Structure formats: C-alpha cells, structure tokens
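Here's a quick briefing to read alongside the model. Take a look at the structure first, then work through the notes by topic.

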Amino acid sequence: APTTTVPRTTVPAETTTTVEADPVMPLTGQPIVDQALANRPALAVKIDNHPNSRPQSGLNSADIVFEENVESLTRFAVVFQSQDANPVGPIRSGRTQDIDLLGSFDKPLFAWSGGNGNVTRAINESDLVPLSQFGPSASAFFRSGDRRAPYNLYSSTQALYGFTPVYAPAPPQQFEYRADGEAFNGEAAAGLDLAMDGVLDVRWVWDAATTSYLREQEGRPHLTADAGQVNAANVVVIEVEYRPSPADARSPEAQTVGTGTAWVLTGGVLVRGTWTRTDRLDTFELLDADGNVIGLTPGRTWVELARVGVTNPIR
C-alpha cells in the first residue's frame, strides 16, 4: 500500500512575557537616579507649625509630609529619603501618635527635640531610631540666632543621616502610583478645605501651571523659608479618630490603624474613597468607591490626619 507522509507542522510554544516595572524611589514613585539615595532609610523630622516657627525650612524637600493635630495646633512629621535639606526645622518634640504613624517606614530615623518622660520612654522603646539634641546625636543640632527658643532648633538631613545605624533598611513603597496617561475614577475639584485643630484652616488648591497643589493656611499662602510656597503632587486626607494620648491626656493621638474615609487630590481631580491599615507596620491602603486602588501621581505627597467631618471640596 502506498505510504502517505504527512508533513509535520511545528507550532511554536506560547510564551508569556512579563515586563518588569522599572524600580522607583519608594516614597515618591519617581525613577531612581541615585541608587545610594534609594538604599538609605527614611528620615522623619518633627517640624513645628506654631506661628513663631514660621516660615519653616525643608518642607518642600520631603518625600512625604504628615500633618498631625497636637494641642490646639498642628505639627508635621516630615519624611525624607530622595532629597536633602539644609537647614531643616524648627524641630520640636515627638508624640506617641508618631510611633504608629511611622511604623510602615521600617525602623526610620526619627529626629525630634525630645519630649516628656512618658513620650520619651515610649519612643525610645519603639522601633523608631531616635535622634535628638540630647545624647549621641546632639552634634547634629544647632540653635538659630534669629528666633527665640524653643522655636529655633535646626539640623540638616546630611547631619542626621550621619547617625544612620549599620544595616538600616530602606523603606518599603508607601503608595501605589499611576503610569503616565493611566485613567482614574476622579471628579472635578479645584482642591480641598479642611479645619485642623485650633483655628487652623488649611486649603489645598490645584495649580495647573505647576501641576501641583499649593497650600494655604489661615487664609494666606503657606510659605517656606527656603523654597517658596508649600506644594505637593498629591494630597491625601485620612479621616481619623483622635483619642487622648496614654502618655499625656492633654495630647490628641491619631488612631492610624483601622479604616475610614479618604479624600485624594491628584492630577487636578478629587478621588473619594477609604483608607485601611490593619497594623502599624502596614502602609495605608487607599481604595476608591469601586474598590480599586487609588494610584497617586509620582512625586511628593502630603497626608493630612484630619478629624472626621472637617473636609470639604472646593468647586
């Protein structure tokens, strides 16, 4: 019988190509231009917002800034990694709320002026790396001659980083970031108004010319001593409950583990959603009304720890 030869057909195996995202700076989502900066730990500096402490230095060089209510005022936990600031300050005391708030940065350096006995004990016993005007790191601090104490304590990020422990870890990425041109579920808004403690009214307004949000407080532009008006690529309002601090009943303590309402200003729009954080070592998860992760614009971010019900969109 004749033999029929069937030609073999070779079908190439299907291959799945996974494109690895380029590594980014963990606190800004921007491309890494200096690996040494990407490898260094987060440095959180407590900067005062008392009228006698204004204008401050270093706010526009920070990757992430948290604004906390303190006793009838606010104070900033200013987190550096990708940029330096010289000088930075005025530096003031820490609060117990800083321990939970900063846990997600993985043992960050923590520069502060000190605190009462209970606060000092709590911070020294935490995983923050305390750097203050007292003890081994004292040489990193100086008093400015143009202001009166306690509103004149300064340092520089370079001096503070000089006290980095051996094998200090770089921080994990804190937020998700959108790719160029990636859509998001936002609504039109020119910015946000929020009422912080005391008489501190804060306003963030979108500035299309610089594609950033500009900060005002008490009805005036919030100016720095070194870099113009305070600005940020993103503003994240986290609505939290404040309870009396166990270290000082007069001091409010933001409850930053849990869940609540979030307002996110990014790219000229407002995204409403929720925040969730199950442990102090976790980052804040930001989800929109549909349950999707809210991606931020690569760049610097301000996080407002606001009381419930004090935030209003600007139309």
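Asp98 has a relative accessibility of 0%, so it counts as buried. Keep in mind that this is a predicted model. Lys46 also comes out at 0% relative accessibility, so this residue counts as buried too. Asp98 and Lys46 form a salt bridge, with 2.9 Å between the closest N and O atoms.

**Salt bridges**

- Asp98 sits in helix α2 and Lys46 in strand β1 (residues 43-48), so their bridge ties together parts that are 52 residues apart in sequence.
- Glu68 joins in as well: Lys46, Glu68 and Asp98 are linked in a network of salt bridges.
- Arg92 and Asp48 make a salt bridge through their side chains, at 2.7 Å from N to O. Arg92 is in the loop between β3 and α2, while Asp48 is in strand β1, so this pair ties together parts that are 44 residues apart in sequence. Arg92 and Asp48 are both buried.
- Asp106 and Lys107 also meet in a salt bridge, at 3.3 Å from N to O. Asp106 has 28% relative accessibility, so it counts as partly exposed, and Lys107 is partly exposed with a relative accessible area of 42%.
- Overall, the count comes to 19 salt bridges.

**Aromatic rings**

- Searching the whole structure turns up seven aromatic pairs.
- One of them is Phe66 with Phe105, an edge-to-face pair with 6.1 Å from centre to centre and 85° between the planes. Phe66 belongs to strand β2 and Phe105 to the loop between α2 and β4 (109-111), so the pair links distant parts of the chain, 39 residues apart. Phe66 and Phe105 are both buried.
- Phe76, Trp204 and Trp302 are linked by ring pairs into a cluster.
- There's a charge over a ring too: the charged end of Arg277 sits over the ring of Phe284, 4.8 Å from the ring centre.

- As background, most residues other than glycine have a negative phi, and most peptide bonds are trans.
- The Asn86 to Pro87 peptide bond is cis, with omega near 5°. Pro87 is placed in the loop between β3 (74-80) and α2 (97-101).
- Ala149 and Pro150 are also joined by a cis peptide bond, with omega about 5°. Look for Pro150 in the loop between β6 (142-143) and β7 (153-154).
- Ser72 isn't glycine, yet it has a positive phi, near 60°. Ser72 is in the loop between β2 (64-69) and β3, and its 53% relative accessibility means that it counts as exposed.
- Thr211 is another non-glycine residue with a positive phi, near 45°. You'll find Thr211 in the loop between β10 (201-207) and β11 (212-217), and at 52% relative accessibility it counts as exposed.

**Around Ser156**

- Ser156 is in the loop between β7 and α4 (157-161). Is Ser156 buried or exposed? With 10% relative accessibility, it counts as buried.
- A polar atom of the Ser156 side chain lies 3.0 Å from the backbone nitrogen of Ala159.
- What does Ser156 touch beyond its neighbours within four places in sequence? Its contacts there are Ala85, Asn86, Val88 and Ala140. Among them, Asn86 is the residue whose peptide bond to Pro87 is cis.

Technical notes
Residues are numbered from 1 along each chain as its sequence is written. This is a predicted model: local features need pLDDT of at least 70, side-chain atom pairs count only at pLDDT 80 or more; totals for chains, interfaces and linings use all residues. Side-chain values use heavy atoms; hydrogens and water are left out. Helices (H or I, at least four residues) and strands (E, at least two) are DSSP runs, numbered from the N terminus. Buried means under 20% relative accessible area, exposed over 50%, partly exposed in between (1.4 Å probe, protein chains only). A polar contact is a pair of N or O atoms within 3.5 Å; within protein, one must be able to donate a hydrogen and the other to accept it, and residues adjacent in sequence count only if both atoms are side-chain atoms. Contact means heavy atoms within 4.5 Å. Rings of Phe, Tyr and Trp (its six-membered ring) pair if their centres lie within 6.5 Å; planes under 30 degrees apart count as stacked, over 60 as edge-to-face and the rest as tilted. A charge sits over a ring if NZ of Lys or CZ of Arg is within 6 Å of the ring centre and within 35 degrees of the ring normal. A salt bridge is a side-chain nitrogen of Lys or Arg within 4 Å of a carboxyl oxygen of Asp or Glu.
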